[in-house]
Amino acid sequence: MNKLDAAFFALSDPTRRAILARLASGEVTVMELAKPFEMTQPAISRHLKVLEDAGLISRRVEGTRRPCRLDPGGIETIEQWLDLMHKALARNYDRLDQVLAEMKRPKRKGAQR
Amino acid sequence: MSKLTLTTEGERFVVVSRRFRAPPEAVYRAHTEPQLIQKWLLGPDGWTMPVCVCEARPGGKLRYEWSNGEGRGFFVTGEFLELEPYRRIVHVERMFLPERTPDNHVETTFEVERGGTLMTMRMSLPDAATRAAMLATGMEHGMEASFARLESML
């Protein structure tokens with residue numbers, strides 16, 4: 001899987017998206033994450049591994065704790081992709097303007113523009 | 001006139017709107033007739049839509065397949081729920097990238113405005129967390145940047 005595929009795979013799961021949303025407000029530990037999700041720590045850890053492999057989060061070692069946070073690099077990859085999507089959306093509607101103009105134009109010869 | 005806008009509404013909604021210099025009937029047809037859809041709903045330059053199924057009736061299916069002509073592609077499937085000709089379309093869709101994305105429930109309305117049409121697309125995501133994740137992953141920022149660019153082009 002390339003980086004973007006890995007990122008979208010990671011985002012395909014509602015729990016992982018919720019984890020990212022939680023991390024948007026700052027660094028947290030596995031224990032703090034597990035609480036609101038009513039999941040075991042190993043289950044949360046598996047989700048974190050997927051997010052980490054996709055480059056969406058990073059974890060550091062602090063004694064016995066391994067707090068995790070959003071990884072700007074991975075987020076940037078998604079952002080670039082979204083940016084392309086948004087350009088595509090704008091491009092689509094520009095093209096739709098042309099289609100609509102053609103629909104309006106009378107089909108007969110010498111039609112006024 | 002043709003500025004694209006995006007706002008969030010409530011906990012789960014994302015709203016896109018745009019104005020067109022054409023009557024609602026024409027804009028509605030361009031959203032429901034395959035031979036018209038295939039002319040504009042294409043994404044980046046170079047992409048085409050070789051498959052366009054659009055059964056514009058309640059219960060009808062939609063399937064759009066895009067290709068970049070070099071072996072890359074993706075598709076969307078969906079179902080129409082409600083249609084009021086030239087005024088409103090309600091459908092549900094999901095993308096396959098190839099992983100299936102969560103269902104996106106979309107209501108599109110076409111209103112007469114100053115001799116043209118105001119099109120509003122209200123997308124509802126499955127839950128607040130999904131939308132929060134979208135925003136957390138920089139969607140809002142990315143959109144603002146591209147809208148700013150778009151504005152400078154218009």
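How many helices and strands does chain A have? In this predicted model, chain A has five helices and two strands. Read from the N terminus, the elements follow the order α-α-α-α-β-β-α.

**Chain A overall**

Chain A has 113 residues, and 26% of them count as buried. Of the contacts in chain A between residues at least 6 apart in sequence, 47% join residues at least 24 apart.

**Helices α3 and α4**

Helix α3 of chain A covers residues 30-37 and helix α4 of chain A covers residues 41-53. Their axes come within 9 Å and cross at roughly 110 degrees. Because angles of 65 to 115 degrees count as roughly perpendicular, α3(A) is roughly perpendicular to α4(A). The residues that make the contact are set out by helix below.

| Helix | Residues in the contact |
|---|---|
| α3(A) | A:Val30, A:Met31, A:Leu33, A:Ala34, A:Phe37 |
| α4(A) | A:Gln41, A:Ile44, A:Ser45, A:Leu48 |

By type, the residues of this contact of α3(A) with α4(A) are seven nonpolar and two polar, with no charged residue.

**A:Arg95 in helix α5**

Helix α5 of chain A covers residues 72-104, and A:Arg95 lies in it. A:Arg95 has 17 C-beta neighbours inside 10 Å, so it counts as partly exposed. A residue would need 20 or more such neighbours to be buried, and 12 or fewer to be exposed.

Which residues is A:Arg95 in contact with, leaving aside its neighbours within four places in sequence? They are B:Lys39, B:Trp40 and B:Leu42 of chain B.

Conventions:
Residues numbered from 1 in each chain as written. Chains lettered and ligands numbered in written order. Predicted model: local features only at pLDDT ≥ 70, side-chain atom pairs only at ≥ 80, totals over all residues. Helix = DSSP H or I, 4+ residues; strand = E, 2+ residues; numbered from the N terminus. Contact = placed C-beta atoms within 7 Å. Axes fitted to C-alpha atoms, helices over the stretch in contact; angles between N-to-C directions. Parallel < 35°, antiparallel > 145°, perpendicular 65-115°, else oblique. Nonpolar A, V, L, I, M, F, W, Y, C, P; charged D, E, K, R; others polar.
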